[in-house]
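Thanks for coming. I will take a few minutes to walk through one model, and you can follow along on the screen.

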Amino acid sequence: MSTKQSRTAVLAWPALLLVALGFIVPVAIILVMSVTDPQPGTQNFEWLATNSTAHDIMWRTIYIAVLATLITAVLAYPFAYLMATSSTLVRSILMVVVLLPFWTSMMVRAFAWIIILQKNGLLNTVLGAFGIEPLTILGTNTAVLIGMCQILMPFMVLPMVSVMVGIDSRLPLAARIMGAPKWKAFLQVYFPLSLPGVFAGSLIVFILSLGFYVTPALLGSPRQQLIPNALFTQVLELLSWGKGGALAVATLVMVGAVFLLLFLVAKVMGIKIGKIGGGL
Amino acid sequence: MSTQVIGAALSLRDIGKQFGTVTAAADVNLDVEPGEFISLLGPSGSGKTTTLNMIAGFEEPSGGRIMINEKDITDIPIHRRNIGMVFQGYALFPHMTVEKNVEYPLKQHGFDKPERKRATDEALAKVSLEKYGARMPAQLSGGQQQRVALARAIAYKPPLLLMDEPLSALDKALREGLQTEIRRIHRDLGTTVVYVTHDQDEAMALSDRIVVFNEGRIQQIGTPNELYKNPSNEFVSQFLGESIHLDGLIEEQGSGHEFVRDDFRLPTEVDHRGPAQLMIRPESVELISASSAEQSGPTVAAEIIDKVYVGHSVKYMVSCRGGGGVVRSRQTDVDDFTIGQEVLLTWEAARSRILPLATSAKNGEES
Amino acid sequence: MNKSRVTLWAACVFIGLWLIAPTLIVIPMSFNEQRSLAFPPKGFSLRWFENFFSDAQWLGGFLNSVQIALLTAVLATVLGTLAAYGLFKVKGIRESIGRNFLIIPMIIPSVIFGVGLYSLFLRLGLVGTLPGFLIAHTALAVPYVVVTVGSTLAAYNVSLERAAWVCGANKFRAFIGVTVPMLMPGILSGAFFAFITSFDEVVVSMFISSPYLQTLPVTMFAGMQREVDPTIAAAATLIMITTTAAAIGGILSQHLKRKRT
């Protein structure tokens, strides 16, 4: 039995090898460079720990990621709820609404936001028609968040929907007949049961928002860098591979910490987190 | 013993429900006495569940009024109807412990903490689950979950308790045990129960009265005995257990009427002319060999087409001209007949019932 | 429909518009007559598309992108399908380790991957080469194929394959003749998504491209940081049409699966 199995398993080797050599090795190289470049030692982490610009960049990245996660969760929840409680046809249509932009170029979408949010863009043209002063949005964190959340929505909606469709639709009714008004039935029964989806979605969205490069680079300000943009600058412009490596390590530590935190929260709350990657 | 509840009186006045062009229920009129145990019985899609959902408030009736204790509740929101309910498949809150589940309705109805604790314990004791309060529903067996659902529904002693096929997910042995338990709880509590089921044995075993539904309409309302003995139409007679049906005609005969076939005629009270059916329950029929001469009542020639041993009796499937059905022998020792044999069916005329066909509903398909 | 449901619908229509509508603005911008990205565009002309197809930089980027994306789709689909099937057959702990390992490229930020790959490719001389792009893009696209084919496999009735064996087919012929056709919906949508992943990739591509070999998104990114040029809008429109078509293909081929089973 086991020999037969390992023979079929050979089929997985080319892909595993490609990911190992073509993905894991490069990632490992930059991580290792954080302690070897320009010379062996911990100087790059000392820079990370003491440099105020580096601090700003890290805090800003976390701040933006938290905000992006919260905003996306708040917007995705009603959308997912509508999907989960609609007929199959309506659900499929809404699914396409979520999935189409998921596969539409990130670049094109950033570009579209530039046209809309710039000084003489669509938004200010419309506002001007109502006699409202033009707003400066492009080049601010607001623009970055608008663009990021739009891209992140599917990652939040899909895990939420997959949990919500599993909730017995009679449970809120059961609560109602036992005397709970609509909002209580929702808050005490439906909402807690949908939380695993909210957590799974938030986990994915938070991790993804730590790695956004294109959107902040195009919609944000160069003076308000996030980790990925700083990493880019350090390596390609300042040729400081070590500092870039340290930023990479910091990002992966954050990713790991979030995983751990969520795992602990889920454990305490007794929530089973299903296939996290399922939504992808 | 705990305090008794005053059961609510429930009245349905011309209730109907239309889903687009589909009529799920129509002309439903029903009066349930306080403390009565009433079953809504029928095949799936007969309108019984729709009716229950309208009482609960899950569906809005397309027409008609629903009254509890003379008070019109048709437009009252679900949570203020003061009803208890046991759902099909239980609908226990999976994220709450057994205790929290049972406590939930008490909390919603504003009971204070000590009172909640007392009532929760009492309800769990009633279903013998006092030791399971801290468990999660998923850690319980099907039968235990069912009992938690029951405890949750009775915890705040609602004057009206709705039960939607509560036992359908359980196996036969468990089902019978729980039937006894439900009957006992109903007796103890004194609440009015409306019980939906598609299982006629269950309805017979539990109910004070049964409401038989078919194709969205009430077919008959009566005690189990009345329905079995005096079904008002073919659907009711077939749905409530096995029977033999024989086609014939009702003709005027002098001052009265007679049910007429080639092989026998029987006087009847039914004031009607035209096609009719004679219905007999299997245990009322006697099989005698075709040659036998001892005939006290009407006889019909039939052929035995199948034979099944059921516990201490034998079930014969018989076929005769213009009808057929099942005959049950009284003891196993009446095992004299073989498949294919020609026999005579005989019965006491008073045990049979004649149903005019014109007034009977469209032939109900048995589910 | 009651009041809260109407409110919910209204909110969701708004959210749906926010997801889909803004992107469409690039289309009118690409037909602008003037050399400006100001809104609203004025007039109608095809000059920016002409410009796109006559400029060596833009056209070259476009052709490179198409070529790399097609090759990546083929490579990733073959490797990903084999991997999904191999892991499906193994089951147990080794399966879940393998599956999670293959998902890693989806989770690690592409900047980190890009920097590391740049360092590696500098040493190997792969910067600005076709093989370099194929390695990078295939590694990024394989997870999508593994996921889509894996989910089709989860619904696959293994006894079909056994039936083929019993009928005398050897393992290879049973796989090609029975399993692959059954998995076609997953394989096809995996291929479409692999195509998009490569065609749309910009971060890693920026690291490993050279002035001699650039993909379209890289050209576009550079253009956006440099100047106001509606040719970018024309490029954006072309990218959008290509990826949307591929995405619809991907979503539809998944739908195929539902119809068949």
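I will start with a single pair of side chains. B:Lys117 forms a salt bridge with B:Glu99, and their closest N and O atoms are 3.9 Å apart. B:Lys117 lies in helix H3 of chain B, residues 113–126, while B:Glu99 lies in helix H2 of chain B, so the pair ties together parts that are 18 residues apart in sequence. Before going on, please keep in mind that this is a predicted model.

How accessible are the two partners? B:Lys117 counts as partly exposed, at 48% relative accessibility. B:Glu99 is also partly exposed, with a relative accessible area of 30%.

B:Lys117 has another partner to mention. The side chains of B:Lys117 and B:Asp121 meet in a salt bridge, at 3.0 Å from N to O. Here both residues lie in helix H3 of chain B, 4 residues apart, which is about one turn of the helix. B:Asp121 counts as partly exposed, because its relative accessibility is 31%.

In general, side chains of opposite charge can pair when their charged atoms come close. Over all chains, the structure holds 23 salt bridges. Some residues of chain B are joined in a network of them: B:Glu115, B:Arg118, B:Glu122, B:Lys126 and B:Lys157.

One more pair in chain B deserves a look. B:Arg209 forms a salt bridge with B:Glu36, and the closest N and O atoms there are 2.4 Å apart. B:Arg209 sits in strand E9 of chain B, residues 209–214, and B:Glu36 sits in the loop between strand E2 (22–32) and strand E3 (37–41) of chain B, so this pair ties together parts that are 173 residues apart in sequence. Is each end buried or partly exposed? B:Arg209 is partly exposed, with a relative accessible area of 22%. B:Glu36 is buried, with a relative accessible area of 7%. The cut-off between those two words is 20% relative accessible area.

Staying with chain B, a word on its domains. The domain assignment gives domain 1 as 10–229 and domain 2 as 242–366. The centres of domain 1 of chain B and domain 2 of chain B, taken over C-alpha atoms, are separated by 38 Å.

Now to how the chains meet. There are 2 pairs of chains that touch, and the one with the most contacts is chains A and C. Chain B and chain C are joined by no contact, and their closest C-alpha atoms lie 12 Å apart.

That brings me to chains A and B. Here 18 residues of chain A are in contact with 22 residues of chain B. Together chain A and chain B bury about 1700 Å², and 68% of that is on carbon and sulfur atoms. Of the area that chain A buries against chain B, A:Arg170, A:Ile177 and A:Met178 supply 42%, more than any other three residues.

How many salt bridges cross the interface of chain A and chain B? The rule finds 0. Polar contacts are another matter: 6 residue pairs are counted between chain A and chain B, with both residues at pLDDT 80 or more.

Which elements of chain A face chain B with two or more residues? They are helix H9 (170–177) and helix H10 (182–210) of chain A. The largest share of that side, 7 residues, comes from H9(A). By type, the residues on the side of chain A that touches chain B divide into 12 nonpolar, 2 polar and 4 charged.

Of its 8 residues, 6 are buried, so H9(A) is largely enclosed by the rest of the structure. The buried ones are A:Leu171, A:Pro172, A:Ala174, A:Ala175, A:Arg176 and A:Ile177. They pack against H10 of chain A, and also against helix H1 (48–56), strand E6 (83–86), helix H2 (98–108) and helix H4 (142–154) of chain B. Just after H9(A), A:Gly179 takes a positive phi of about 110°.

My last stop is A:Val214, which is found in helix H11 of chain A, residues 214–219. A:Val214 counts as buried, because its relative accessibility is 2%. Leaving aside residues up to four places away in sequence, A:Val214 touches A:Met107, C:Val202, C:Val203 and C:Phe221. The C-alpha atoms of A:Val214 and A:Met148, 66 residues apart along the chain, are separated by 9.6 Å.

That is the tour, and I can go back to any part of it.

Key. Residues numbered from 1 in each chain as written. Chains lettered and ligands numbered in written order. Predicted model: local features only at pLDDT ≥ 70, side-chain atom pairs only at ≥ 80, totals over all residues. Heavy atoms only, no water. Contact = heavy atoms within 4.5 Å. Buried < 20%, exposed > 50% of the residue type's maximum accessible area, 1.4 Å probe, protein only. Domains from an automatic or database assignment. Buried area = accessible area lost by both parts, 1.4 Å probe. Salt bridge = Lys/Arg side-chain N within 4 Å of Asp/Glu carboxyl O. Polar contact = N/O pair within 3.5 Å; in protein donor to acceptor, adjacent residues only side chain to side chain. Nonpolar A, V, L, I, M, F, W, Y, C, P; charged D, E, K, R; others polar.
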